[in-house]
Structure formats: structure tokens, C-alpha cells
Amino acid sequence: MSDRATQALVKLALEPQWEARFEPNSYGFRPGRSCHDALEAIFNEIRYKPKYILDADIAKCFDRIDHRALLDKIDTFPLVRRLIRGWLKAGVMDGKQLFPTQAGTPQGGVLSPLLANIALHGLEERVATAFPKTRKVARWTPAVIRYADDFVVLHPDHDVIRRCKEVIEEWLRGMGLELKPSKTSISHTLEEHEGKVGFDFLGFTVRQFRVGKHHTGQNGHGQPLGFKTLITPSKRKVTAHRDRLKEMLRALRTAPQEVLIARLNPVIQGWANYFRTAVSKATFSTLDDWLYWALRRWACRRHPNKSVHWVVTRYWQLPRWDFATGNAVLTRHMETRIVRHVKVQCVKSPFDGDWLHWGSRWGHSPDVSHSLARMLKEQQGRCASCRRCFFPGEDLIERHHKDGDRTNNKRSNLELLHGHCHDAVHRQRQAADNP
């Protein structure tokens with residue numbers, strides 16, 4: 001615990017410095033940025049022109065980072081350097097046996113994601129310097145969009161993409177890394193290339209389709225493009241989600257309906273919230289249809305001697321066909337509203353002091369609930385007690401009832417506090433009540 005606390009302190013010292021230096025299209029494990037920002041960046045790059053894609057993954061990124069190269073790149077105070085070097089060289093315990101770590105960052109460590117981002121910092125700049133901008137050709141420099149160790153390179157020229165792959169492989173060798181051949185491929189967003197159209201990234205499928213004049217997208221001058229760019233949930237993620245629901249139904253085949261609903265709702269809501277920024281309505285509808293028949297099989301199995309009409313009347317509330325009992329109602333995928341995500345500005349960072357911007361931005365984040373997002377926006381992203389900023393996804397955020405009555409959930413009675421601020425407020429209240 002002492003080491004983890006020290007790592008957290010080192011992260012607090014290093015992160016603001018590196019957030020000011022990180023490349024604009026790096027989105028993984030960074031405060032204020034998410035998978036949806038990376039997807040929007042890809043959409044902005046291909047919305048007006050089909051492009052070739054280098055979809056790449058770094059093999060065992062966290063396990064193979066060269067320690068000396070990483071420490072040289074961090075270039076920090078000797079005390080911090082010695083601490084980081086000690087953590088990198090600490091070794092790994094497997095049972096009662098200690099294995100030395102000659103490369104890589106500690107898996108699960110507080111500082112590991114930041115160290116990985118520092119190690120991969122400079123990849124976008126290296127590609128840009130290999131293909132400098134020219135006045136004759138607009139947007140000639142390839143676009144590199146990275147989320148942790150997954151990244152894509154986009155460009156309309158196939159030869160440039162192949163050259164980018166060579167440049168990236170050469171650059172990665174300096175950090176002791178290499179691309180994973182089985183997960184590295186070249187495809188095209190519109191045309192078939194090597195038997196494939198489009199690509200999968202962060203659980204989404206990115207692809208363009210040829211359409212007629214009534215459905216085509218338009219460029220900035222209102223001219224028809226002849227194609228439309230769609231980002232949808234990938235088939236692999238849909239299948240994995242369906243398999244998970246199937247396993248839950250099998251494991252809870254003898255459980256009461258209330259328990260089944262309580263277990264299914266968080267899974268359905270979480271999955272739908274992640275994919276609600278894409279073109280997902282058709283997928284949501286298909287999943288709801290599949291889930292109805294799976295639930296009907298689950299219900300009929302419990303009552304083999306009853307008719308289907310009796311089973312439906314027992315477990316579904318008509319006319320809405322809600323799978324419900326009492327106050328427990330199963331959430332449908334289709335009930336999740338599609339909300340387009342607004343990409344973070346490339347130069348913005350939560351450490352830049354623009355809390356009005358970040359409070360407003362987190363007020364529309366798909367990563368938090370609607371009520372929490374509204375309160376974050378109203379409080380401009382700050383704690384009502386200490387007035388310091390929140391980092392959704394990292395800080396523990398508590399809803400505090402001002403009058404102490406937990407049943408009074410009126411908006412005027414609620415405010416957001418840090419977890420430790422919330423504890424301090426209640427300690428002060430208890431001390432006042434019991435002098």
C-alpha cells in the first residue's frame with residue numbers, strides 16, 4: 001500500500017507536466033479523454049474522403065518497454081528517477097517465486113498507464129516528420145490516432161500507408177517494442193482491400209457505404225460524396241454481449257424474477273451507454289428482440305405445465321410488454337437514447353485551468369449518468385466543499401444531501417463532493433450533533 005500511495009504521488013507530479021506535452025491525437029489513459037474521442041477523431045478524418053487504414057497493435061506493450069529508454073525519455077529529478085527505476089526493476093511474484101523484470105512496466109500499477117503513454121509519446125510526430133506537409137497537396141501528412149497501445153494510421157495513398165508501417169516499426173524498436181503481425185492489417189474504408197472493407201477499433205466497426213443521391217453525405221461545399229460513413233457496434237462485441245446475457249440467464253434459471261432483473265439491468269445499461277454515441281439503433285432493436293425470446297424460454301422452462309399465454313401474463317406487463325414484477329422493470333437497449341459525442345479539443349487538458357470548459361464538457365459526457373452530468377455542469381466541474389476540480393472516472397464523487405435526509409432527492413438538496421470531502425462534512429456534522 002505504501003508503494004501504491006507513493007506511485008500516486010509521483011503520478012500527481014508527472015501527469016500535469018506530460019499532459020502539456022502529449023500529442024493531440026493520443027486518447028488512452030488520459031484524464032478528460034475517452035474511446036469516443038478517438039472514434040470521433042477517426043470520423044473527422046474520413047468523413048469527406050475514403051482512406052486506407054493501417055490498423056495496428058503493439059505486441060505485449062506493457063511487458064516489453066525498454067527501461068533505459070523509458071527513463072531517459074522521462075528525464076526527471078534524480079529522486080523520482082530512482083523511485084521509478086526501483087518499481088520497474090522490482091520483479092514479479094508468482095506464488096512464492098520471484099521473477100526479475102528486465103523490461104516492461106508493472107501490470108496494474110498506479111503509474112503504469114502514464115509510463116506507457118510516455119514511452120509511446122513521439123509516435124505521431126515521427127510519422128509527421130517522415131511525410132512533411134506540402135503546399136500543393138492538402139492534408140498529405142498521415143493522421144495517427146492512438147488509444148493506449150492500439151492505433152490507426154489514415155491516408156488516401158496505399159504506398160504511404162506501407163511506408164508508415166516501416167517508419168513505425170523502426171521507431172518502436174528504439175523502445176524495445178514491435179507490432180503484432182496477427183493484429184496489424186491494411187484495409188480501406190470504402191473499397192475491398194485484401195478481402196476486407198473497413199476496420200474494427202475499440203469495439204466499433206468503422207466503414208463507408210456507397211449510397212444514392214438521397215442518402216449520400218455532403219462535403220463542406222454541399223456537394224454529394226456518393227458514400228456515407230457509419231460507425232456501428234462491431235459484430236464481435238455484439239456476440240460477446242449476447243453470450244454474456246445468455247450465460248447470466250443460464251446461471252439464474254432458478255432465481256426469482258426480481259433478482260434476474262437486478263442482475264441484467266446494469267449489464268444492459270452499461271453496454272448500451274458505451275455504444276450510444278454510434279449508429280446503434282438497429283443493433284439495439286435486434287438485441288431486444290433476441291432477449292425477449294431468450295427470456296420467454298427462461299420463463300417457460302420454469303412452468304413446463306403452463307400455457308404460453310399464462311407465462312406471458314405472469315412475467316410481462318401489457319400493453320408495453322415490459323418484463324417486470326412489482327417495481328422492478330427490465331431495461332431495454334432501445335430505451336437508451338442515441339447521443340452524438342463531441343470530441344475533446346486537441347490542445348485542451350484538465351490541467352489548463354479552464355474549469356468552465358471542462359465543467360460544461362463533463363456535463364455532456366457519455367461516461368456519467370444524466371443527473372450526475374447535469375450537476376457537474378452546474379457546479380462547473382468543482383467540488384461544492386473544497387472547490388477543487390473533479391476528474392470523473394478517477395475521483396470518487398458523492399451526492400451529498402444538504403439537510404441530511406436521504407429520502408429528499410430534490411435537486412436543490414443535492415450537491416457533489418469528493419469522497420473525502422463528503423466524509424469530512426459528515427464528521428463535522430456528527431461532532432456538532434454530539435459535542
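1. Which residue in β9 is the bridge partner of Arg207? Leu230 is. Keep in mind that this is a predicted model, where local features need pLDDT of at least 70, side-chain atom pairs count only at pLDDT 80 or more, and totals for chains, interfaces and linings use all residues. Residues are numbered from 1 along each chain as its sequence is written, and side-chain values use heavy atoms, leaving out hydrogens and water.

2. Now the strands around that pair. Strands here are DSSP runs of E with at least two residues, helices are runs of H or I with at least four, and both are numbered from the N terminus. Two strands count as paired if DSSP finds at least two bridges between them. β8 (residues 204-210) runs antiparallel to β7 (residues 199-201), with 3 bridges, and β8 is also antiparallel to β9 (residues 227-233), with 7 bridges.

3. β7 and β8 make a hairpin with 2 residues between them, and Leu202 in the turn has a positive phi of about 55 degrees. Phe201 sits opposite Phe204 of β8.

4. On to helix α10, residues 257-275.

5. α10 does bend, by about 25 degrees at Leu264, with Pro266 following within four residues. The bend is the angle between axes fitted to the seven residues ending there and the seven starting there.

6. Buried residues (under 20% relative accessible area; exposed is over 50%, partly exposed in between; 1.4 Å probe, protein chains only) in α10 include Leu260, Leu264 and Trp271.
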